[in-house]
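Here is a short briefing for a first look. Please keep the sequence and the 3D view open while reading.

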Amino acid sequence: MKKRKVGIVSVGLTKFMRRAKETPKELAYYAAKTALDEAGITRKDVDAAIIGSAPDAFDGVHQKHEYLTDGAGGVNLPTMRGYVGGGTGVFSPIQGWYSIASGMHDVVLVTTEEKMSSVLPSAQAAFNTIFDNMIERPLGPNLVWIFALEMRRYMETYGIPKEHIAAVSVKNKGNALDHPSAMLGQKLTIEDVLNSEVLAEPVHLLDISPVADGAVSFVMMSEEKIKEFGISLDDVAWVEGVGWNVDTTMWTNRDLCYPKYVEKAAKQAYTMAGQKDHSPEALRKWLSFAEPYDPFNYKELHHLEGLQLFEKGKAPLAAYEGVTARDGDFPVTPSGGLLGVGNPIAAAAGMKVAEVYLQLTGKAEKRQIPKDVTRGLAQAWGDLMQVGTVIILKGGRVN
Amino acid sequence: MLPKRRTMTDAPTHEVRGGFPVHFHYTVGIVGEIFFNGLKERKLLAVTCKECSKTYFPPRMYCEDCFAELTNEEFKTLEQEGTVESFTKTYKDHRGNSLSEPYYLALIKIKGSDTVFFHKLINVDEPNIGMIVKPVWSETTKASLFDIIGFEPA
Ligand SMILES: [Zn+2]
């Protein structure tokens, strides 16, 4: 089947906050309305709406997609939610892509939202319910624990010093100082990260991203509609490749050092985009930058390796040496990421896709990477830590 | 065609008890603040979309049809009168327990509004669709949905 060309033509972001006064619907509306206004279209022009949001237990409304429909501009339209936990924010624009590429729709409004401040006593209490209810939940697992297990194994296997991992927090929280939506932009030193409060060894407070409230929307269109609306190609980022993959649901049995599911998702996306050479050198030349999922600092490194952008165990040193700085050889997370901008789950990954769009269209303002950028990748990770979602965008005038 | 599985029975089984141990504190939202503060003053506040003339009660931040933002519109006070659109008498609560005193719930269209409000119907023996009702206010109001005890025949 011939796939149609699909572009993102606008994005809309709310601020990310610890405790937004707005309801989840109102957050969704801010983002969706902004995206429509930026695209210069109205809800009447929209053929379908897509809603991305992570566990219902955060906002505290069951069937959140149904609840969010009006705020996301989906009333009386073919509207649906796709949900792969933390991977949702990248999966939602993938849904937008296939709705349009298939020929089903021409203009799709995609909204990712999360309001995590509603849940008490904590987001981790809600996360507990994603574990196996017979053999794991009685032990009270939460995400910090399982990340601690994974991080320790990753460090031990490759002999990674904690300083190299801490460099990611310094970089991302520093980059976030330039992001208008950011809640935790900070100028930090590696020592600050190492000396921050211990949560579950080896995980310290500044190794992780803050829970947040926020929403991000996109308007996606077929090439034909982009022409019809007279939208400048300077404002377009084409979807060149998408991929997603789910590993075993038994998280205890997965490779703790290497996210195989990210590799599979990435290779699907590279292949779709026509990039045959999957070696790190070739990929870093082909892509201008990447926005991998960074809820924890070591996860950015883990994901860079899964994405084939660095050899196994080699991403930490690259981060430490500044290769992945915004002005480095291969910029990674120029947005400031989840670590710095904040982590309203689905919206956080939405923010990463938005960053790729903004960089490629030259609209990233103070965050703009100081070199020509033609192609970028966003990746998210989720479900019970075993789903990888990848999207590759290229500039509107890039062949 | 049913699979022949010996394990598929109604027999009692070993159970593991669990729960979703979370509760919530919801912000009422930007427009919710206006609506609930209105109830505190025993007012039914609504907002009209300028683009399509639809009046929302309770008010909203945006029109779900034309997607116009309504936050900066003037919120107007509706008359304390509504029409019963439909009703039911409930004998069980949402847990399935029998109620000692069954009561009425109704869909009520407040005069001047294009949307329908869900609340209790009180002080009535035989309600009917089309019946005109008015809110009965609590003696002390605290910006809550139950500042209105229910609606009774006008
Ligand atoms: Zn309207």
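A:Asn76 counts as exposed, because its relative accessibility is 74%, over the 50% cut-off. The model shown here is predicted.

**An exposed loop residue**
- A:Asn76 sits in a loop of chain A, between α3 (64-68) and β3 (79-82).
- A:Asn76 is 58 residues from A:Met134 in sequence. In space, the C-alpha atoms of A:Asn76 and A:Met134 are 41 Å apart.

**Chain A as a whole**
- Chain A holds 15 helices and twelve strands. Its radius of gyration is 19 Å, close to the 21 Å that the globule rule gives for 399 residues, so chain A is as compact as a globular protein of that length.
- The C-alpha trace of chain A spans about 55 × 45 × 40 Å along its principal axes.
- What share of the 399 residues of chain A counts as buried? The figure is 65%.
- Take the contacts in chain A with a separation of 6 or more. Residues 24 or more positions apart account for 77% of them.
- Chain A carries 43 positive and 48 negative side chains. The centres of these two sets lie 3 Å apart.

**Cis peptide bonds**
- In chain A, a cis peptide bond joins A:Leu120 and A:Pro121, with omega about 0°. A:Pro121 belongs to the loop between β5 (119-120) and α5 (123-127).
- In chain B, a cis peptide bond links B:Phe57 to B:Pro58, with omega about -5°. B:Pro58 belongs to the loop between β3 (55-56) and β4 (76-78) of chain B.

- A:Thr333 is not a glycine, yet its phi is positive, at about 55°. This residue lies in the chain A loop between α13 and α14.
- Is A:Thr333 buried or exposed? A:Thr333 is buried, because its relative accessible area is 0%, under the 20% cut-off.
- A:Glu365 also is a residue other than glycine with a positive phi, near 50°. Its place is the loop between α15 and β11 (375-382) of chain A.
- A:Glu365 counts as exposed, with 65% relative accessibility.

- A:Ser335 lies in the loop between α13 (315-320) and α14 (337-340). A:Ser335 is buried, and its relative accessible area is 0%.
- Leaving aside neighbours within four places in sequence, A:Ser335 is in contact with residues including A:Asn175, A:Ala176, A:His179 and A:Glu291. A:Val341, A:Met351, A:Glu355 and A:Arg367 are also among its contacts.
- A:Lys352 lies in helix α15 (residues 345-360) of chain A. A:Lys352 is buried, with a relative accessible area of 0%.
- Which side chain forms a polar contact of 2.8 Å with that of A:Lys352? The partner is the side chain of A:Glu291.
- With neighbours within four places in sequence set aside, the contacts of A:Lys352 include A:Glu291, A:Pro292, A:Tyr293 and A:Asp294. Among the others are A:Thr333, A:Gly337 and A:Leu338. A:Ala378 and A:Gln379 are in contact with A:Lys352 as well.

Note on methods: Residues numbered from 1 in each chain as written. Chains lettered and ligands numbered in written order. Predicted model: local features only at pLDDT ≥ 70, side-chain atom pairs only at ≥ 80, totals over all residues. Heavy atoms only, no water. Helix = DSSP H or I, 4+ residues; strand = E, 2+ residues; numbered from the N terminus. Buried < 20%, exposed > 50% of the residue type's maximum accessible area, 1.4 Å probe, protein only. Contact = heavy atoms within 4.5 Å. Polar contact = N/O pair within 3.5 Å; in protein donor to acceptor, adjacent residues only side chain to side chain. Rg over C-alpha atoms; globule rule 2.2 N^0.38 Å. Lys, Arg positive; Asp, Glu negative; His and termini not counted. Charge placed at Lys NZ, Arg CZ, Asp CG, Glu CD.
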